[in-house]
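Please consult the sequence and the structure alongside the text.

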Amino acid sequence: DFPRIGIDAIALAVPRRFVDLTELAEARGIAPSKYLTGLGTRRMAIAAPDEDPITLGANAARRLFQRSGASPADIGLCVVGTETAVDHAKPAASFLHGLLGLPSACRVFEAKHACFGGTAGLLNAVDWIASGSARGRAALVVCSDVARYALGSAGEPTQGAGAVALLVRERPRLVEIEVGQTGTYARDVYDFWRPLHHKEALVDGHYSVQCYLDALAGAYGDWRRVAGDGDPLARTCYHVPYGKMARKAHRHRLAMDGLTEQAADESFAVEVEPSLDLPSRIGNIYTGSLYLALASLLNAEARALEGQRVGLFSYGSGCCAEFFAGRIGPEAGAVAAALEIDAPLDGCHRASVAEYEALRKGDEAADRRPAPEGAERAAARLDSRVVYLGLDS
Ligand code: CAA
């Protein structure tokens, strides 16, 4: 028997600006209904130069400590899942180790597997605790990305930026993960990739949708074999590159259970839609997208779901996918309310399409600027963190 292990607290960080997708559609000469209804997107967060995966990740983690009452001194493992890291060798987790003041007796590393890196971090953290290696300590898992496709491309309305920080420990207050009971699927495919020195992802869009659905079938089938006998899943959170993908996923999964498309669409409103609010306001944040969906669900319904079982599906192109489940804690409603999960979105403002395009042009030069060294680099990031979320006050 494993101890009870899972997600004790969750916190977000988002850039200051977003683009309204009705405006983007009009600027691109596309019917807004394609983005709003066809893709199920409303807004996408866009990152300024000081809002990179390090500052976003550090902000989410600092907020996690502040709101949860946990201390950096409690952490014995820090994993950052990202596919938009700022260095080919030095892991994002080392920058966070410095910025957050984590203990020196702490394992830190970065996990890269497209959008699956955060789940790789979370499930490794759970296994680290279950194995006894944690010796009472907690793990910090940070998912942080800036999603970029070429301007004017089909992928453009499915961008986003942001970070989700998870505190993983024994006796979790939000979601107890079913340890050792995951369904897994992997296959070598070229659906979405970003060659070295490319700032923007390349994607075979329609093929990527098919790869996602094939991976869901594989992972869910595997999960049903290892864990399917328990209570029904009251809700399911999917990886959300855009809202419509979650609808396609739900239909595909329920078809495996023998349900019709109509029955799947009826259950979608109850079982999936509450998890899509934050993704529709922020966009695709790659590694963090599934956890943004979970954050939405907890923000909307934690109290009503106390004691109930939820499914979680993570997909990372390339590809690897995992389906697993957890149970919402008996005090999760009060804990989620105290975390004020969606508060970081309050200060965000709408940028014009022209402003967004200017920011993206600036991005092109970002990697060619001479990188500030060590402490200077960390200090620059620390300043931006303090300025834009006011967390030091
Ligand atoms: N009003 C309403 N709906 C409309 C419409 C209109 N005027 N015009 C089109 N639509 C509908 C279409 O019927 C279609 O619906 P269905 O999917 O239900 O058939 C939907 O809008 C999209 O239309 P298209 O298929 O023509 O869209 P597209 O070819 O321009 O691009 C995309 C869609 C391929 C998803 C593209 O946005 C893309 O490449 N995105 C990035 C890749 C991605 O997100 N892949 C997801 C799976 S991979 C993954 O999940 C990992 C990850 O995070 C990247």
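The notes below treat the ligand site and then the backbone.

The model is a predicted one. Its ligand takes up the space of the second largest pocket, which has a volume of about 630 Å³. Two backbone features are also reported: a cis peptide bond between Gly 318 and Cys 319, and a positive phi at Arg 135.

**The pocket**

- The second largest pocket, with its volume of about 630 Å³, is lined by 30 residues, of which Thr 158, Gly 205, Ser 208, Val 209 and Tyr 242 are the closest to its centre.
- Two or more lining residues come from each of helix 2 (32-38), helix 6 (205-227) and helix 7 (243-256).
- Helix 6 contributes the largest share of this lining, namely five residues.
- By residue class, the lining comprises 16 nonpolar, eleven polar and three charged residues.

**The shell around the ligand**

- There are 25 residues around the ligand, and those that come nearest are Lys 34, His 206, Ser 208, Lys 244 and Lys 248.
- Helix 2, helix 6 and helix 7 each provide at least two residues of this shell.
- Helix 6 gives the most to the shell, with five residues.
- The shell divides into twelve nonpolar, ten polar and three charged residues.
- Ser 208 belongs both to the residues closest to the centre of the pocket and to those that come nearest to the ligand.

- An oxygen atom of the ligand lies 2.6 Å from a polar side-chain atom of Lys 34.
- For Lys 244, a polar side-chain atom is 2.7 Å from an oxygen atom of the ligand.
- On the nitrogen side, a ligand nitrogen atom is 2.9 Å from an N or O atom in the side chain of Ser 33.
- On its own the ligand has 1,100 Å² of accessible area, and the protein covers 73% of it.

**Backbone geometry**

- Most peptide bonds are trans, and most residues other than glycine have a negative phi.
- The bond joining Gly 318 and Cys 319 is cis, with omega at about 0°.
- Cys 319 is placed in the loop between strand 13 (309-316) and strand 14 (320-328).
- Arg 135, a residue other than glycine, has a positive phi near 45°.
- Arg 135 is located in the loop between helix 5 (117-130) and strand 6 (138-147).

Methods. Residues numbered from 1 in each chain as written. Predicted model: local features only at pLDDT ≥ 70, side-chain atom pairs only at ≥ 80, totals over all residues. Heavy atoms only, no water. 1 Å grid on protein atoms, 1.4 Å probe; cavity = no way out; pocket = protein on both sides within 12 Å on 5 of 7 lines; lining within 4 Å. Points joined across faces, edges and corners; volume = space filled by probe spheres on them. Helix = DSSP H or I, 4+ residues; strand = E, 2+ residues; numbered from the N terminus. Nonpolar A, V, L, I, M, F, W, Y, C, P; charged D, E, K, R; others polar. Near = heavy atom within 4 Å. Polar contact = N/O pair within 3.5 Å; in protein donor to acceptor, adjacent residues only side chain to side chain. Areas by Shrake-Rupley, 256 points an atom, 1.4 Å probe, with all protein chains shown as cover. Sits in = over half its atoms within 2 Å of the grid points.
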